[in-house]
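Thanks for coming. I will go through two sites in one model, then stop for discussion.

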Amino acid sequence: RGKRAFIAGVADDNGYGWAIAKALAAAGAEILVGTWVPALNIFETSLRRGKFDESRKLPDGSLMDVVKVYPLDAVYDSPEDVPEDVKSNKRYAGSSNWTVKEVAETVKNDFGSIDILVHSLANGPEVTKPLLETSRRGYLAAISASSYSYVSLLQHFLPIMNPGGASISLTYIASERAIPGYGGGMSSAKAALESDTRVLAFEAGRKGKIRVNTISAGPLGSRAAKAIGFIEKMIEYSYVNAPLQKELLADEVGNTAAFLVSPLASAITGSTVYVDNGLNTMGLAV
Ligand code: NAI
């Protein structure tokens, strides 16, 4: 049978999550996605009305089939963690079972098991603020949504992952080099994510024969990136300074993800893999 993938962090057809879904679908995987609750309605409606049909096209001409869309808010592990104001929020009240634990249970009830877990989500409410001006609350929110969300997802999905399976997340070089503008504790969150990749690779490898890697991706004009505010500048900077002077396509990250979760990468785990036209290797802007 083909492999089954759960991809957390897809809410339109512009981001890395969508491109990863497509690359996995093209390789024959069954696609389940987790969509942030506030974005669920518009994503499902757009999907149903054919708004994404052009970008659902796979290399063989068929359309990617998103088998099921699960509402998800990865900052909450179980219903007890959800504050009253969120519970009663109109956008949340319309959906159910969207905490990490409940989503894993629902996927288990629906399909029994998965082979591939993808984390393609991040959020930092103070991302536009320098770290020196970031509040404790903003910093912890960035870590919660962008780093612990991955620990929680793997924690809850590992029991339903088939041995030999694999998991990946998306990170950014601001974890290891200062990137002015990537603030609010988001750089800290990515540093945590990369460190956790190594520790989780050890633990999930021993516990479930699951590989864990992260892709350090170059800049892409996704919805999330546009919210940061300087993405066009970063894309231009990369174009000017990277060894490969070409636009970075989301599909190039998608293809690397497909490789990393496939048997072709059966000895790769705990790694941060750069998909950035080589920009990370440069020491001097030219
Ligand atoms: P995106 O906007 O396509 O994806 C981010 C997703 O996270 C959105 O679908 C959003 O709804 C979801 N999300 C936010 N908070 C959530 C929560 N609490 N629970 C569940 N979902 C939540 O944007 P993009 O850029 O493709 O982001 C995907 C990953 O790629 C992120 O980890 C990001 O940091 C990473 N990345 C992006 C780069 C870029 O230049 N766009 C560069 C390097 C890494």
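**Pocket and ligand site**

About 440 Å³ of space lies in the second largest pocket of this predicted model. A pocket here comes from a 1 Å grid over the protein atoms alone: it is an open set of points where a 1.4 Å probe fits, with protein on both sides within 12 Å along at least five of seven lines, and lining residues have an atom within 4 Å of a point. The volume is the space filled by probe spheres set on the points, which are joined across faces, edges and corners.

On provenance: the model is predicted, local features need pLDDT of at least 70, side-chain atom pairs count only at pLDDT 80 or more, and totals for chains, interfaces and linings use all residues. Residues are numbered from 1 along each chain as its sequence is written, and side-chain values use heavy atoms, with hydrogens and water left out.

Back to that pocket. Its lining has 23 residues, and I173, I179, M234, Y237 and L279 lie nearest the centre. Helix α9 (231-241) contributes the largest share, four residues; helices are DSSP runs of H or I, at least four residues, and strands are runs of E, at least two, numbered from the N terminus. By class, the lining splits into 15 nonpolar, five polar and three charged residues.

Now the ligand. Around it are 26 residues, with Y16, A74, K190, L220 and S222 the closest; near means a heavy atom within 4 Å. Which side chains have an N or O atom by a ligand nitrogen? D73 does, at 2.9 Å, and W36 does, at 3.4 Å. K190 places a polar side-chain atom 2.9 Å from a ligand oxygen. The cut-off for a polar contact is 3.5 Å between N or O atoms. On its own the ligand has 810 Å² of accessible area, and the protein covers 93% of that, by Shrake-Rupley with a 1.4 Å probe. To the shell, α8 (223-228) gives the most, three residues.

Confidence, finally: mean pLDDT, on a scale from 0 to 100, is 97, and the complex has an ipTM of 0.99 and a pTM of 0.98.

Methods. A polar contact is a pair of N or O atoms within 3.5 Å; within protein, one must be able to donate a hydrogen and the other to accept it, and residues adjacent in sequence count only if both atoms are side-chain atoms. Ala, Val, Leu, Ile, Met, Phe, Trp, Tyr, Cys and Pro count as nonpolar, Asp, Glu, Lys and Arg as charged, and the others, Gly among them, as polar. pLDDT is the predictor's confidence in each residue, from 0 to 100.
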